[in-house]
Amino acid sequence: MPIQLDRNIEAVRLEMSDVRQPIHDEWQEEMKRRVYLSSNRRSNSSVTIGQVFDKALEKAQLEAEVTCSTEAAKAEYIRRHANIVGVVGPPGVGKTTLSKMMVKQILMHEFLPDTEYLFFINVKDIDFNTKITLLEFLTTNSRVKVNYTEEESKALITFLHNNPNVAIFFDGLDEASTKEFSIDSHVCKLDGKSKPVDIMKNLFNFTLLPKAKIVVTSRPGPMYKLHPDYRPTSIFEVLGLLEEAKNNLGTQLCGEKYPAIKKILDQQPNLAHLCYLPINFILIVFCLLSNEDSDIKTMTQVLIFFHDQVCRVVPFERRGSPG
C-alpha cells in the first residue's frame with residue numbers, strides 16, 4: 001500500500017496474468033512504429049476543430065463512390081455519413097474539453113457559423129428507462145426549459161427536422177447506463193414516444209433530424225461497439241498534449257519557473273511519458289513546482305503528495321460525510 005493511511009487495511013488481490021513474449025524482431029518493429037507515430041502524427045494526421053466535418057464529408061464522398069452504384073444512392077450515403085463525427089480517447093485526454101471548445105466556437109460563430117439550435121447532452125445524465133418524445137429528449141437532457149402546447153411542440157420538432165442549422169453534442173457515450181447501443185433499433189416517429197437509446201440511434205443514422213450536425217465523444221471501446229448502422233464512419237482520436245502544447249500550458253502554470261520544471265521532467269522519463277494526458281501534466285507540474293528540492297520520480301509519489309494536501313484540508317473522518 002503506497003499511500004500511508006492512519007488505519008489498518010486488508011490486502012486485496014493485484015491481478016497478474018501470463019502474456020506471450022514477443023520475439024526480438026517483433027518488439028523492435030513495434031518500437032519503430034511508436035517512434036514513427038510520435039514524430040509524424042502532427043504533420044500527417046493533425047486535425048483542427050474547423051476541419052472535422054470537412055474531413056467527414058471528404059471521407060463520405062470517397063466511400064460513396066466505392067459503395068454506391070447510383071447518384072441517388074451516393075447522395076443518400078453522403079447525407080447519412082458526412083454530418084456525424086465521433087471523438088475517442090482515453091479518460092482524461094480532453095474529449096469533454098474539446099467538445100465544450102467546439103460549443104464555444106459555435107457560440108462565437110467560428111465553427112459551424114450558421115448554427116441556430118444547439119443541444120449539449122451529457123450521456124451519463126440521461127434517464128434511459130423512461131419513454132419520451134424527441135423534443136422532450138433534446139430539451140430535458142440539454143437542461144433547456146420549455147413550456148409548449150402539444151401543437152407548438154409538433155410544429156417545433158417538424159421545423160427542427162427540416163433545419164440544416166441544428167448541432168447536437170453527445171458527451172460521454174461510454175457513460176451510458178444501458179448496453180443496448182450494440183443492437184439494431186426500430187424506427188422512431190418524429191412526435192412519438194420512444195426509449196432514449198432508440199432516439200439516439202435514430203439520430204445517429206439521421207432517421208430523425210436528417211440535416212443536423214452531430215458530435216459523439218466516447219472512450220474507444222464503446223464507440224466501436226456501436227451497431228454499424230449507427231456508428232460514425234469518421235472518428236477522430238484525441239492524442240493529448242504534444243511538446244508545444246505542454247510548453248505553452250507549463251509556462252501558464254509556472255511562469256518563469258517552467259524551464260526548471262521541464263528540466264526535471266526531462267530527467268524523469270517515468271513521469272514525462274504520462275504528460276500527454278492534460279490532467280496528468282497539470283498534477284505532475286504542480287507537484288514538482290511545490291517540491292523542487294524533493295526526489296519525485298513516479299506518479300504514485302505525485303498522487304501521495306495530493307493525497308497529503310487533501311488530508312491537511314479535510315480530516316479523514318469528515319471526507320465524504322453529508323455537508
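Guide:
**Salt bridges, pair by pair**

Arg 79 forms a salt bridge with Glu 76; their closest N and O atoms are 2.7 Å apart. A salt bridge here is a side-chain nitrogen of Lys or Arg within 4 Å of a carboxyl oxygen of Asp or Glu. This is a predicted model: local features need pLDDT of at least 70, side-chain atom pairs count only at pLDDT 80 or more, and totals for chains, interfaces and linings use all residues. Residues are numbered from 1 along each chain as its sequence is written, and side-chain values use heavy atoms, with hydrogens and water left out.

Both Arg 79 and Glu 76 lie in helix H3 (residues 71–81), three residues apart, about one turn of the helix. Helices (H or I, at least four residues) and strands (E, at least two) are DSSP runs, numbered from the N terminus. Arg 79 counts as partly exposed because its relative accessibility is 27%. Glu 76, at 34%, is partly exposed too. The cut-offs: buried is under 20% relative accessible area, exposed over 50%, partly exposed in between (1.4 Å probe, protein chains only).

Next, Arg 143 pairs with Asp 125, closest N and O atoms 3.5 Å apart. Arg 143 is exposed at 68% relative accessibility, whereas Asp 125 is partly exposed at 40%.

Asp 295 bridges to Lys 297, with the closest N and O atoms 3.5 Å apart. Lys 297 is partly exposed at 37%.

Glu 243, Lys 246, Lys 262 and Asp 266 form a salt-bridge network. The structure holds 11 salt bridges.
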